[in-house]
Amino acid sequence: MLVLLLGPLACGGDRVTVPHSHGKIAISSGNAQRGSPGQRLERPIVLIVRNGSGDPVPDVHVAWFADDGGAFEPPESITDARGVAQATWTLGGGTTHHGRAVAEGYVDAEFTASTDLDAELPLDVIQPIDLKTYDGSGQTVHPDYVATGPQWTHSGQYLFITPYPNGNANFENPSIFERARPAQWTVPAGATNPIVAPHEGYYSDPDAVYVAERNEVWLYFRQVTSENVIRLTTSRDGVHWSVPVVVAHAPNHQIISPAVVRRGASDWLMWAVNGNAGCTGSSASLELRRSSNGIDWSTPETVALSQPGFAPWHVDVEWIASRGEFWALYNVKTAGSCTTSAVYLATSSDGVHWKTYPSPVLARGAIAELRDIVYRSTFAYDESSDAITLWYSGARYVGIDYLWHSAVQRRLRADVFATINAPSRAALTDRSAPPALRDFP
């Protein structure tokens with residue numbers, strides 16, 4: 001029994017005692033739905049009230065509270081003979097929504113909902129993203145998207161990205177932004193960018209994973225010195241981050257753009273590009289490492305991913321559980337240059353053998369901000385709408401510098417696959433390009 005004794009009250013010596021719990025309220029269904037602000041969720045929130053022995057309790061008065069400014073109908077309900085009560089939730093504003101079910105003498109139940117902001121993006125339109133970077137340039141590269149789970153009580157969607165002002169790698173440190181509107185991202189309250197900064201060399205290539213059992217976001221990134229070092233930092237709130245630890249390393253240019261997928265507590269995969277000699281190299285290949293804990297990784301194996309005329313350069317990989325396959329989104333380089341012209345998509349059932357497609361998802365020149373380079377990109381697939389949201393990065397050449405920017409686009413899956421199945425676009429290699437990049441983000 002937990003007893004809380006407060007000091008004497010101003011009007012006397014009475015003490016307040018918090019009674020012990022009779023049991024608890026458990027959410028049966030309806031948690032972690034996605035909806036729109038001001039709209040009622042598709043399914044009700046259903047709960048069961050149980051006593052200390054685990055038996056359902058009838059005739060318990062339950063009050064419903066929406067912490068997002070929304071409302072429940074009914075605002076109060078009574079459990080039936082099975083100990084069950086339910087209410088429908090009309091969401092308030094914001095992107096992440098929290099609610100509570102309260103009954104006197106029972107441990108409260110908490111639940112969440114999230115706003116499907118991607119549904120508000122117009123299909124097929126590429127919109128530049130304006131990010132307030134810590135260096136003040138607003139120039140960014142290498143976005144990585146991650147969604148959290150229902151027990152995460154902070155933002156439901158994050159974008160990790162690095163500033164890259166005029167190609168200056170000294171500012172290329174992993175930074176965090178949370179979703180505010182469909183094409184608007186802000187720094188989380190209390191967070192300071194960059195999340196991490198190097199004592200030696202420079203940082204780049206962030207890739208994030210949500211670890212449900214630990215209710216943590218894990219962020220992998222690459223340190224570049226005389227070798228490539230993959231480090232890991234973790235957070236339980238998106239604001240405070242652990243001291244980074246080394247999880248993998250290789251000679252310089254040989255572990256570029258790590259992309260981590262976690263399918264279960266002991267099933268982790270990390271793809272990365274072996275970049276040979278870097279930008280000046282004539283080839284590059286995709287490699288796969290495996291882990292049972294996300295920290296200790298196997299030696300790499302080369303996977304079968306070949307894009308005729310190109311080499312993969314930076315990659316993002318996701319496990320699409322509803323379709324039983326991996327998707328890889330990657331930009332491609334030619335010999336001697338990192339001035340990448342397009343991003344392609346490949347699919348795989350095992351992560352080792354990949355099916356590639358003749359045409360890219362996006363080629364340079366689609367919008368002014370991506371006129372001359374399309375670089376590392378990231379994506380999210382929504383099964384309910386059968387749509388893919390893509391966040392691109394790239395650059396345009398102005399004067400003597402490349403100016404780097406990011407953008408977002410939402411497309412139906414069928415349209416994306418129709419695009420990449422179309423005949424090869426030879427213009428990607430024929431088009432005259434600005435000066436070749438000799439170093440890369």
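Buried means under 20% relative accessible area, exposed means over 50%, and partly exposed lies in between (1.4 Å probe, protein chains only). This is a predicted model, in which local features need pLDDT of at least 70 and side-chain atom pairs count only at pLDDT 80 or more, while totals for chains, interfaces and linings use all residues. Residues are numbered from 1 along each chain as its sequence is written, and side-chain values use heavy atoms, with hydrogens and water left out.

**Exercise 1. Classify R323 and E325 by accessibility, then describe how their side chains meet.**

Step 1. R323 has 38% relative accessibility and is therefore partly exposed. E325, with a relative accessible area of 19%, is buried.

Step 2. A salt bridge is a side-chain nitrogen of Lys or Arg within 4 Å of a carboxyl oxygen of Asp or Glu. R323 and E325 form one, at 4.0 Å from N to O.

Step 3. The search of the whole structure finds 16 salt bridges.

**Exercise 2. Follow the salt bridges of E216: which residue does E216 meet besides R214?**

Step 1. Start with R214, whose salt bridge with E216 has its closest N and O atoms 2.9 Å apart. R214 is partly exposed at 47%, whereas E216 is buried at 4%.

Step 2. E216 also meets R236 in a salt bridge, at 2.9 Å from N to O. Strands are DSSP runs of E with at least two residues, helices are runs of H or I with at least four, and both are numbered from the N terminus. E216 lies in strand β17 (residues 216-224) and R236 in the loop between β18 (227-235) and β19 (245-251), so the pair ties together parts 20 residues apart in sequence.

Step 3. R236 is exposed, with a relative accessible area of 58%.

**Exercise 3. Find the residues of the largest nonpolar core that touch the most other members.**

Step 1. A nonpolar core is a set of buried Ala, Val, Leu, Ile, Met, Phe, Trp, Tyr and Cys residues joined through side-chain atoms within 4.5 Å.

Step 2. The largest core has 40 residues, and those touching the most other members are W271, W313, V315, V317, Y330, W354 and W404. Among the elements that give two or more residues to this core are β24, β25 (325-333) and β31 (401-412).

Step 3. A second, separate core has 21 residues, including V343, L362, I367 and V374.

**Exercise 4. Is the ring pair of Y164 and W404 stacked or edge-to-face?**

Step 1. Rings of Phe, Tyr and Trp (its six-membered ring) pair if their centres lie within 6.5 Å; planes under 30 degrees apart count as stacked, over 60 as edge-to-face and the rest as tilted. The whole structure holds 27 aromatic pairs.

Step 2. For Y164 and W404 the centres are 5.2 Å apart and the planes lie at 70°, so the pair is edge-to-face.

Step 3. Y164 sits in the loop between β13 (157-163) and β14 (175-181), and W404 in strand β31, 240 residues apart. Y164 is buried at 4% relative accessibility, and W404 is buried at 1%.
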